[in-house]
Amino acid sequence: MLDGRFEAVEAFFTREYAVNAGIATFPRPWVSLIDGVCMGGGLGVSVHGSHRIVTEHALLAMPETAIALFPDVGTSYVLPRLPGSPSGAMGRWIALTGARLKGAEAVEAGLATHFVPREKLAALRAALLESGDAAAVERFAEAVPEGRIAGLRPAIERCFGHADRAGIEAALQAEATDWAREQQAILARVSPTSVAVTLELLERGASLDLPGCLEQELVLTRSVTRHPDFAEGVRSVLVDKDGKPAWQPLRDVRPMFA
């Protein structure tokens, strides 16, 4: 982007999103074994598959708003449809705040499908390779007890059930808990433009199929990555790591979707 090689940027995202679509339509089970950090593109090569196995060492997130991007790789289709959250609140919370979900929490939230302790992972992998049958997962998977996400779900629904930033922030203010104040601090820190883009994207994604979501995300990459906030977010979070981005918020993000 900094070199102005816009065609290369679009080619990258085009290839990446094609992989995401290919996984979703793959005719056989697609089993992902997640035993560490799985964020952004890592979710893109797992969340569209049939089996997402996490261990206690897994950490899943979509942290794009911190770098002024948006939840992509087809998650604009997945997040509005997470089980147990018909309002889309769980997906909004994960997308806007970059919430980091540990292994069992990812199963609770619906991003992962099974929990297998790390000590059993090698045996599971061997069983999959030997049998060629994804049913082997069920022999190793363990039940996930209700945890942090179950406890937070009512507050997430109350606060992130709103489709606009003003409604979310008012609900967090009314919630008046440590968790709510933490979410307020995150929203105040991430890119305002990215928050607006993400809310609009998830709203549209709720009524699109996966190919439609991927196409909408590709359109967005052409405009969002050229906005100054993207380079600034990458600089602040990934390059200089000073955590002091100088955002230049847009008043209206709807033209970015055209």
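The buried residues of helix α4 are covered by elements that include β5 (101-102), α5 (103-109), α8 (148-160), α9, α10 and α11 (192-205). Here, contact means heavy atoms within 4.5 Å, while helices (H or I, at least four residues) and strands (E, at least two) are DSSP runs numbered from the N terminus. The model is a predicted one, in which local features need pLDDT of at least 70, side-chain atom pairs count only at pLDDT 80 or more, and totals for chains, interfaces and linings use all residues. Residues are numbered from 1 along each chain as its sequence is written, and side-chain values use heavy atoms, with hydrogens and water left out.

How many residues of α4 (residues 89-97) are buried? Nine of its nine are, where buried means under 20% relative accessible area (1.4 Å probe, protein chains only). Among them are Met90, Arg92 and Trp93. Just after α4 comes Gly98, with a positive phi of about 65 degrees.

Now follow two of the covering helices. The axes of α9 (residues 165-175) and α10 (residues 178-189) come within 8 Å and cross at roughly 145 degrees; these axes are lines fitted to C-alpha atoms over the stretch in contact, and angles run from 0 to 180 degrees between N-to-C directions. Residues making this contact include Ile168 and Leu172 of α9 and Trp179 and Leu187 of α10.

Finally, look at the cysteines. A disulfide is a pair of cysteine sulfur atoms within 2.5 Å, and by this rule the count is zero. The sulfur of Cys213 is too far for a bond because the closest cysteine sulfur, in Cys38, is 19 Å away. Cys213 is also buried, with a relative accessible area of 1%.

Technical notes:
Buried < 20%, exposed > 50% of the residue type's maximum accessible area, 1.4 Å probe, protein only.
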